[in-house]
Structure formats: structure tokens, C-alpha cells
Amino acid sequence: MAERKESKSKLSPSTNRLRGMDAQALAESFVDHLEFSLAKDDYSATLLDRYTALALTARDRLIERWIATQQTYYREDARRVYYLSLEFLIGRSLGNSLINLGIYDRAAEAMEDLELDLEQIRGEENDAGLGNGGLGRLAACYLDSMATLELPAYGYGLRYEYGIFTQRIVDGFQMEAPDNWLRYGNPWEIPRPEYLYPVDFYGRVDRYVDDHGRLRWEWKDTQRVMAMAHDMPIPGHRNNTVNTLRLWGAKATREFDLEPFNTGEYEKAVEDKAHSETLTRVLYPNDAVFAGRELRIKQQYFFVAATLQDILRRYRRTHSGLDGFAAKNAIQLNDTHPSIAIPEFMRLLMDIEGMGWDEAWEMVVTTFAYTNHTTLPEALEEWPVSLLQRVLPRHMQIIYEINQRFLEDVRRRYPGEDERARRMSIISEDGERRVRMAHLAIMGSHRTNGVAALHTKILQEELFRDFHEMAPHKIVNVTNGVTQRRWLRKCNMSLADVINHRIGDGWVTDLTELRQLLDYADDPQFQEEWRAAKRANKERLGRYFWEHYQVTISVDSMFDVQVKRMHEYKRQLLNLLHVVTLYNRIKDNPDLEMVPRTVIFGGKAAPGYDAAKMTIKMINSVAAKVNSDPDMTRKLCVVFLPNYGVSLAEKVIPAADLSEQISTAGMEASGTGNMKFALNGALTIGTMDGANIEIMEEVGADNIFMFGHTVDELRKLRDEGYDPLDYYTTNEELKRVMDQFDSDFFTPARPGLCYGLVHTLLYGGDPFMVLADYEAYVECQQAVSRQYADQHEWTRMSIVNTACIGRFSSDRAIREYAREIWYASPVHIELEPKETDAANSR
């Protein structure tokens, strides 16, 4: 460290190029990397080379801060937060890093001086294939906020070689292709081969008595895989904090077996290596088959086993013994995927560290907290006991013990209530015995939180009512949030400039400052600037549509957008029924006066989810019919965006006029898309579900379009015997639409294609109450059109939505986690910390 400090006092030109933040230094660093890191010059460099050189230039400016951050955490003996998530949908890193470093404009200037275009270079970066939907995007927002708020925090996940999949549309159907996002490398990651941990599977468990006469267990004859760390920097906004996202890649214990190699059996020689490294090859294997389920549980265990070893290693570097571990570490489980960490930590504490049960369990519960993200039964993970018993035999023993001790406590507190004990048990006895991972997570955590007020209410009063009655303090609410750095400052620079001109840029770190915009909501000049920014974004999206899909859209139309994971409860079908209703009205009266609409869909369906995949086909079939009909010209257009992801969202969301948040009430835990759209000035049409309710409370009921049955009304409707045919037979427009799908009007080349979905809606109980909400939805859409025709009033409502969305910043959410769940405090980072052991840098 002394040599390093001496070099700082005599900065060489090359060092200036590594650290300088002005345009000239950035340009020099860029040219250096192009030549010395990539061995390219102006003649041979590709656009990808230029992206890589600029990414390395930005990374250089993070490295010193990154090292200083870790050293400071050691020196201050900070209480650390570990955020465990199987998904981190971070998108592209270059633009976000430049913005958080405060050098975006200077980087653009540097590229311009070199006759290059920053936006074109940014477009070369692949979205990181580390997530699928809202869960992963939320985790990425939270990492950004933790660094911006200077919290000593780490993200832990898996380094998937392939993302969920690349979605292609062929003849209207979703086709899945590999998402090889690492094909050209990742300049943001740094491999850490020094952090390599063994992870075991299968085997058997032996009991023995140790030298102190205590009964112990030994897990033997296992199959071993190694976990290797890969680190990515997570910079805070305009501070010196650079936290770490550590991702685990699977490695074989040996590169290959020399004996079969020497005898000519080359495939057999590398078989173990190939099999072991399959573990982190793909995000979310298809768990509709047994092999997929087994791989998925192995992924989850591999992830938490390596993470817990790493956390213990880091703690031990500056502490002897584990007595103070819980006081210095908080572990957050993002959904049930990492919940196998609870029995794994018990195994480490008892079998490896020699702790007794009570001491180990107290440490586990004090350390862990759990975020629940769903009320859907199929999304609450349950694993067959037989599968866990085979793959993780020691952990199944520990789960049984946790369950037995917990149920003994239940029976003491509620004598004679066997049904309560059965409901609360970790082990489900209905049919095949299964392990309820959500119950395990609740038992092993000191806090469980929902992610919106309604969602938490459902957890407390319905889904986990027994747990809430037993420990009323345990289930709390932390409503989700999004980072305004990416979801306004980065993705909507035209609107950000309009805002900054009026109120400054303090909102970038304090989103509540946007409330100052209320003073300008009726100002004609400001409204004109606001509309100009929206139009610029619509024109940008229109160019993208033409360049990529050869689809022409009218920027004068209302952009009506529903982009999210394809799922029946999100009710893309309800939106589609309305589209066909509009189509029919225009066909009946081609001279119909109406607000022109471009209806934009986007989202991926899980490969094994047939109903969601069929919805995509139906959307594309309707789009083909609508867009080829001259009667629809400049009135109605339908577009499905293939391969929707973070980078595409950054183009779509700023251009949206109307945000479709129309899930079945009580089924969307929170949503974050609703927040991003409102932040960018889109008005919401939505149900009383998730965070929609809280958004309505903030922006006012007059500035949002709410419709449909509430949770209580749907419950009553089901209890009274909901019959979707009643709605079909009494609503002529609905009947006509359903008959068109049933008669193959939109799919004449494939008779009977829509039968399954039509049958589910009419005769299968319509489980997501699509028909029950159809009439209210269509009426609400008519109100939307009337309002959009009054552009002064629409613009005022748009400004109010942006102004009042401050509560939904991820900064607010992380402050609540830190205060109420993690008990963590900020640690300020200086660029020149006191001398410390250089080894204490990771």
C-alpha cells in the first residue's frame, strides 16, 4: 500500500488516463485500451471492439473505488448485507456506469472528438442474461440503491452462461433460441479463481459420537462440483461506493481424467467436466420434466452453498470464532429460490463448526430474512421429499428436525388444533409428500416481507395467516421500488432534461423532489415541452419498429403498452379482447371517429407454459389481421415486440402513453413496471391489485384509470358460483369476439388452434376472471380515449403522475429494509483510505 500511495503523489500521464474524468483523459484511455488491451487500431477495430474499449475505460475508473470500498468495510468492521437472488436482470452496464460516475456527457464528448457515436457504441452491449422478469429487475434496482445509499452490501447469484432464451416469432409462435450473452466475453466481470469452493450432492449420512460424547453427522460419498467466483462492480451514484455482485460459475473438480484420455477414450475423459459445468449453463431449466427439476434444485443449492462459505470466509478474516456473526451480517432471501440456505447454514454450523442445535438455530433466525413475491400456489416452490432426500440427504434430515421442533411449539400454543399444525408444516402430506420452501423460509427468518400493502395483507390474512397469528410482528410490508437513475435519467434523457431545466437534478437521488413539478402541471409552455419529449421518444421507438420489424406506426396515435412476462394472471388476453372489440367497431363503421391507437405487446412465455405461448400466437394472429386491413389505417395497429428485455424496455417505456396493469386482483404481488411507466409520464389503466392501489393513492384517483372487481368482490363472486357463460351470453360484443376466436376467424390456416383457450374461458371456469372484468375494462378504455382527446388535460395528468411517484423509488425501499429488517447503516467511502492489509480487499 505504501508504494501505491507514493505513485499517487507522482501521477504519470498513463495513470491520469486510468483515473482522469475529463473528456481528453477518457479519449486517451479509450485509445490505449483499443491498442494495448485489444490489439486493434482505427483500421481493424470493430464496433464491438470500441464498445469493449469504452467499457474498460469506465471500469478503470471504478476499480480504485471498488478496492477502497472493500478495504473500508474491513477497516470499519461494518455490518454487511448479503442479497441472495437467483436473478439479477441488470441489463446493459456501460450507460449506467457512466451516469453513476457522473461522466456520461464527457464520455459522449470524448467519442465525438474521435468521430464516434456513444449511443451507437452502447448499442453493441448485450443485456446480461442473468434474469427473466420482475424479480431479477427488482434485484438489480436494489443493488443500485444499496450502492447509492452507501450501504455495505453484496449481491450473490449464478453466472448463467445462457440466459432464459432469445425469443423469436415464427409464424406467430414463440420459438426459443439460446441466449449466448457471453459469446464475446463480458468486460465488466473479473474472474476470482482464488475464491473456489466445493459443493457436494447425493451421497449418504453417517451418525457417530465425537470425542466429547455428542451425536454428530457426516455427509459422505458425495459428488463434488467446484464454485468459482466472478465479480461485477456495482457503482453508487456520484459517490465513491462500488459494491460487488458476485456470481458463481460451476467448475469440475478436475479438468479431465487422464487415464481414459491416455487410452483414447477422449469423450469419457472430459465427461465429468462437461457434466459438472452444466450446472450453471442455463437460467431456469424446464422443470416440467424430472431432470429439469433436479437440475433446478441443484442450482439453488450450489448457489447458496458457495455463498455461505464465502460469507463465513470473509467474516473470519477479521474475527475469531462465530459468536458475533449475527451482529455483523444480514442475509436477505429474494423469494424462495435461496431458502435451502437455511438448512445449509444449520449444517455448516452444526456439522462443521460443532455448534449445538439451539445456538445454531438462533444464529440462523437472527441472520436471515425472506421476501415473498407471490400469492400464486404454483409459484410457491415445493420440492418432492424423495428428490431432496436423494440430492441433499443431510439437508432433508435437518428440514425434518426444523419441522418437528416448530410443530411441537405449535401444538403447545394451540393444543388440539391438529389442522393448524398440518397447514403450517413444512411437509405437505397431500398426495406426494413435498417440502414447502416458503414455510421453511418463514420459520428460518426473523422477518418475512411482502412487496405491496395489498400483497402483505393477503399474506397476513390468507396465505400465511397461521404464521401471522403465531408471530404478529414477523410479516411486514416493504413496497417495491425502481431506480430513477436507470428508469428516467438514463432511459429518458429528453424528459430528464425538461425536468432538470425547471427543478434541477436533485430528484436523481431524492425522487420526492419531483413533487415540485406540480407547480408546472398547468403551465402551457411546460406542457408543450413535456409533449415534445414524449413525441421524441415515440419517434425513436417508431424508427426502431421500422428498422427491426418493417412496421410503420403513427406517432400521432396513443401508444397503449403491455410489456411484461406472459402469464394468464397478467391477462394479456383481456387486452386482446379489447383490441378485437375495437376492430369490430371499426369494421361495422369505417368512418368511426376514434382516438388512433397503437397497441404494443411484449414478453416471454416460459418454454413449458402452453397457454401463455398460445396467447402470443393469438396476439400475432390478430395483429396480422388488423395491420393488413385498410379500414384500420391510422386508427388501430397491433405490434408484438419479440425478445422483450431491459434494453428494449428502455426504449418502450419512455414512449408509452398508456400503461396496462390489468392483472386479476390479488394475484400481482406488486409489480414494478407500473412504477416505471408512471415515472415516465404514462397514465395507468389498472385493477385494484399490487402496487396499483398505492400508486392511485399517491397520484390521486382522478389521474389514473381503475376498473374491475376487487379482491373481496372476486372472492364473493367465486363463492357464489362464478359462471363465465353468464357474461358471454349477456354481452353481445364479448360473445362476438369469443365466437371469432372459436370460429378460426383470425387463424383460418390452423382450424381449432384457439379452442383450448376459448374452452378455458367459457367452460374451464375462467380462473383469472377475464370475462368478469371485460365490460368494465372496455368502458374504462372508452374513458381513456375521451381523456386522450383532450391533450391539455392528458398532459396535466401525465405530469402529475411523474411528480407524485417519488414514493416508489428503490432508494426508499432500501432505506426501509436497512432500518426495519437489516439494521444496517451507511459507510462513507474516501478514495484514499488509511493503510490496511491489501489482502482485505475482497
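Student: Are α24 and α35 roughly parallel or roughly perpendicular to each other?
Tutor: Good place to start! This is a predicted model, and in it α24 and α35 pack at an angle of about 80°, with their axes 10 Å apart. Angles of 65 to 115 degrees count as roughly perpendicular. The two helices are therefore roughly perpendicular.

Student: How many nonpolar, polar and charged residues does the contact of α24 with α35 have?
Tutor: Let's see who takes part. From α24 come Phe-526, Gln-527, Trp-530 and Arg-531, while the residues of α35 include His-792, Arg-796 and Ile-799. Sorted by class, the contact has three nonpolar, six polar and two charged residues.

Student: Within what arc do the buried residues of α23 fall, seen down its axis?
Tutor: Helix α23 spans residues 493–503, and Leu-495, Ala-496, Val-498, Ile-499 and Ile-503 are buried there. In an α-helix there are 3.6 residues a turn, so residues three or four places apart point the same way. The buried residues of α23 line one face of the helix, because they fall within an arc of 160°.

Student: Which exposed residues does the face of α23 turned away from its buried side carry?
Tutor: First picture the buried side: its residues pack against α22, α24 and α35. The face turned away from that side carries two exposed residues, Asp-497 and His-501.

Conventions. Residues numbered from 1 in each chain as written. Predicted model: local features only at pLDDT ≥ 70, side-chain atom pairs only at ≥ 80, totals over all residues. Heavy atoms only, no water. Buried < 20%, exposed > 50% of the residue type's maximum accessible area, 1.4 Å probe, protein only. Helix = DSSP H or I, 4+ residues; strand = E, 2+ residues; numbered from the N terminus. Arc of directions from axis to C-beta. Contact = heavy atoms within 4.5 Å. Axes fitted to C-alpha atoms, helices over the stretch in contact; angles between N-to-C directions. Parallel < 35°, antiparallel > 145°, perpendicular 65-115°, else oblique. Nonpolar A, V, L, I, M, F, W, Y, C, P; charged D, E, K, R; others polar.
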